[in-house]
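Dear colleague,

Please find below the structure that I am handing over to you.

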Amino acid sequence: VGIDGSEHAKRAALYAADLARQLGAQLTILVVVKPPSSFIIPMVDAMSITPSTPSPEHLAAAQTLIDALIADLGHRRAVPQTTLGVDAAETIGLEATRLGADLIVLGGRGMGGLDRWLLGSVCDKVLRTADQPVLVVR
């Protein structure tokens, strides 16, 4: 299950934990941490600096998010996973493949009309590109 701290993601994690309990499955809780954006040094033409790792504060915030969710879920087989990635949707799909996941669970939004817009861009892209089945929890 991919989480981002939103209520939609928390609902998805609760659903995924319940499903994993029923099936006796392992639950991997994934947070994708984006590296800091690059910035351009104006005095040196066409030179930019892109840090390769996020700040310790961002990593600590991701870990705190996972720890709090695992405590709420009470799922003994929950495995925390923090991954660095520029594109969250692509990273979720790649990590699911790397980990041998059978199912990707994501939160979606359900506020009205057009489903594609309501699911949000990350969820929509995962639905279109992942090799695994994707379950969207509204």
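Among contacts in the protein between residues at least 6 apart in sequence, 66% join residues at least 24 apart, where contact means heavy atoms within 4.5 Å. This is a predicted model, in which local features need pLDDT of at least 70 and side-chain atom pairs count only at pLDDT 80 or more, while totals for chains, interfaces and linings use all residues. Residues are numbered from 1 along each chain as its sequence is written, and side-chain values use heavy atoms, with hydrogens and water left out.

The protein has 5 helices and 6 strands; helices (H or I, at least four residues) and strands (E, at least two) are DSSP runs, numbered from the N terminus. Read from the N terminus on, the order of elements is α-β-β-β-α-β-α-β-α-α-β. Of the 138 residues in the protein, 33% are buried. Here buried means under 20% relative accessible area, exposed means over 50%, and partly exposed lies in between (1.4 Å probe, protein chains only).

Helix α1 (residues 7–23) packs with helix α2 (residues 56–73) at an angle of about 50 degrees, and their axes are 10 Å apart. Axes are lines fitted to C-alpha atoms, for helices over the stretch in contact, and angles run from 0 to 180 degrees between N-to-C directions. That angle makes α1 oblique to α2: angles under 35 degrees count as roughly parallel, over 145 as roughly antiparallel, 65 to 115 as roughly perpendicular, and the rest as oblique. The crossing of α1 and α2 is right-handed, a term used if the near helix is turned clockwise from the far one by less than a right angle, with anticlockwise giving left-handed. On the α1 side the contact is made by K10, A13, L14, A17 and R21, and on the α2 side by L69, D72 and L73. By class, this contact of α1 with α2 has 5 nonpolar, no polar and 3 charged residues. Ala, Val, Leu, Ile, Met, Phe, Trp, Tyr, Cys and Pro count as nonpolar, Asp, Glu, Lys and Arg as charged, and the others, Gly among them, as polar.

In the second pair, the axes of α3 and α5 come within 8 Å and cross at roughly 40 degrees. The helices α3 and α5 are therefore oblique to each other, and α3 passes α5 in a right-handed crossing. A88, A89 and I92 of α3 meet V122, K125 and V126 of α5. The residues of this contact of α3 with α5 comprise 5 nonpolar, no polar and 1 charged.

Helix α3 (residues 88–99) has 12 residues and spans 16 Å from its first C-alpha to its last, close to the 16 Å expected at 1.5 Å a residue; the expected span is 1.5 Å times one less than the number of residues. Its buried residues are A88, A89, T91, I92, G93, E95 and A96. These buried residues of α3 pack against β1 (27–33), β4, β5 (104–107) and α5 (121–129).

L27 lies in strand β1 and is buried, with a relative accessible area of 5%. A78 is found in strand β4 (residues 78–84) and is also buried, at 15%. L27 and A78 are 51 residues apart in sequence, yet their C-alpha atoms are 4.6 Å apart in space. Not counting residues up to four places away in sequence, A78 touches L27, I29 and I70. The C-alpha atoms of L27 and A16, 11 residues apart along the chain, are separated by 7.3 Å.
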